[in-house]
Amino acid sequence: MKQHIIYTTFAFLFLVGCGKKGAPKESESEVKTEQTEEHGEETPQTITSVTEEQINAVGITLGKIEMKELTYTIKANGALRVPNNNKATITSMYGGIIKTLNVQIGDFVKKGQVIASISNPEYIQLQEQYLTVKSRITFAEQEYRRQKELFDNDAGAKKNLQSSDAELKTLRTQRSSLQRQLQIMGINPSNISNGNLRSGLVITSPISGTVSSISAQIGSYVDLSSPVAEVIDNGSLHLDLQVFEKDLPKMKVGQIVHFKLTNNPETEYDAKIYSIGSSFENDSKTISVHCSVTGNKEGLIDGMNITGIVSLDKSTTPAVPNEAIVEANSKYFVFIRTDRRPEEHHEEESEHQDEKKAPEKESPTINFEKIEVVKGSSDMGYTAITTVNEISKDAEVVVKGAFFVNAKLSNSGEHEH
């Protein structure tokens, strides 16, 4: 009986001991779960520490938010255009075969300069008609004088005088018509003779400008509907900017536009607004703003696409150097010096430090806090900013090396998670 009581007592103590050992494990699990949940609800880290060694190595520089007079700008796309009255399609007034081509694409030609020459035997027939009419006029004038003399002496009929007069007028009209046709062809009527009939004509440029295209070739047939070449006067080049409706009230005649070619963004050109459109362009909901190109026009050609910046009125606004602003998740930030310290999330780390017999000497650090801002216009290397939350006017801002501080903050955030 005593032996049975001893066994029962031993079993009871054993179960109680096992229960005590299991209890801490359950409590520890609950604590870990609570810590995990709390950790998941943590806000993103906004403060990071940078050692003085890193500051000197990277060249981090601090400065103030300055009040700068910046020029507000509007960005718009557009294209270079030449007015139609400064473009010319060169054609021949008469059909013929191209015999010579005297220009190439890109050549500059003056008004009246010979572009090509054409040939056609029909040109000789026109000159022949002119010489024939000219001879008939000489005879008709003699006949008219004879009939008038007879009529004046009552020796001739009046109807004969009238007939000779009508014939003379008809021939003179034909001569005037043929003379004009010959002049249009480039032939001087006074130089036409039986031994000097021309079978070829020249085609000249109606304006001064640059040859932009050549449609004909030697041996091809051209007529009034067949263009030989095209000439563009780029001296009258202007810029058409497509401005959205919301920006239209800010546009004024006389404003300066700086623009760059889409295919050559390294070179900047200047223009000045001279006219603002009054209707929308197709379905784009934009209005054309016309600008005259000023200064250098080298390399500019009709039809080139451009990106323009319209300079608006200047205003004084808080601003920082462009490199002081960093972008993250489609938002913009600056870093300011702060006395606040980064949050500690590593209990294990502190436990290890307690176990150290002699802690190592830490390098002095400076703390920086990430502050969200709204970007404004940029000019002369500075960008206007508006802080989302109010900060001290004496706040020290990282004006150089902000990218390194941002990387340091991102790495510390990833390490914590």
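Angles under 35 degrees count as roughly parallel, over 145 as roughly antiparallel, 65 to 115 as roughly perpendicular, and the rest as oblique. The model is predicted: local features need pLDDT of at least 70, side-chain atom pairs count only at pLDDT 80 or more, and totals for chains, interfaces and linings use all residues. Residues are numbered from 1 along each chain as its sequence is written, and side-chain values use heavy atoms, with hydrogens and water left out.

**Exercise 1. Two helices**

Task: State how helices H3 and H4 are oriented relative to each other.

Solution. Helices (H or I, at least four residues) and strands (E, at least two) are DSSP runs, numbered from the N terminus. Step one is the angle: the axes of H3 (residues 122-152) and H4 (residues 158-184) cross at roughly 155° and come within 8 Å. Here axes are lines fitted to C-alpha atoms, for helices over the stretch in contact, and angles run from 0 to 180 degrees between N-to-C directions. Step two is the class: H3 and H4 are therefore roughly antiparallel to each other. The contact of H3 with H4 has 12 nonpolar, eight polar and nine charged residues. In this count Ala, Val, Leu, Ile, Met, Phe, Trp, Tyr, Cys and Pro are nonpolar, Asp, Glu, Lys and Arg are charged, and the others, Gly among them, are polar.

**Exercise 2. A residue of H4**

Task: Decide whether leucine 182 is buried or exposed, and list what it touches.

Solution. Leucine 182 lies in helix H4. Buried means under 20% relative accessible area, exposed over 50%, and partly exposed in between (1.4 Å probe, protein chains only). At 0% relative accessibility, leucine 182 is buried. Contact means heavy atoms within 4.5 Å. Not counting residues up to four places away in sequence, leucine 182 touches Leu126, Gln127, Tyr130, Ile187, Pro189 and Ile192. Glutamine 127 is 55 residues from leucine 182 along the chain, and their C-alpha atoms are separated by 7.6 Å.

**Exercise 3. Serine 49**

Task: Find the polar partner of the serine 49 side chain.

Solution. Serine 49 is in strand E1 (residues 47-51) and, at 19% relative accessibility, counts as buried. Leaving aside neighbours within four places in sequence, serine 49 is in contact with Pro342, Thr365, Ile366, Asn367 and Lys408. A polar contact is a pair of N or O atoms within 3.5 Å; within protein, one must be able to donate a hydrogen and the other to accept it, and residues adjacent in sequence count only if both atoms are side-chain atoms. The side chain of serine 49 makes such a contact with the side chain of asparagine 367, at 2.5 Å.

**Exercise 4. Positive phi in a loop**

Task: Give the phi of asparagine 329 and of serine 330.

Solution. Most residues other than glycine have a negative phi. Asparagine 329, in the loop between strand E17 (326-328) and strand E18 (331-338), has a positive phi of about 55° although it is not a glycine. Serine 330 lies in the loop between E17 and E18, and its phi is positive too, about 65°. Asparagine 329 is exposed at 75% relative accessibility, and serine 330 is exposed at 67%.

**Exercise 5. Aspartate 107**

Task: Identify what aspartate 107 touches beyond its sequence neighbours.

Solution. Aspartate 107 sits in the loop between strand E5 (96-101) and strand E6 (108-109). With a relative accessible area of 29%, aspartate 107 is partly exposed. Not counting residues up to four places away in sequence, aspartate 107 touches Gly209, Thr210 and Val211.
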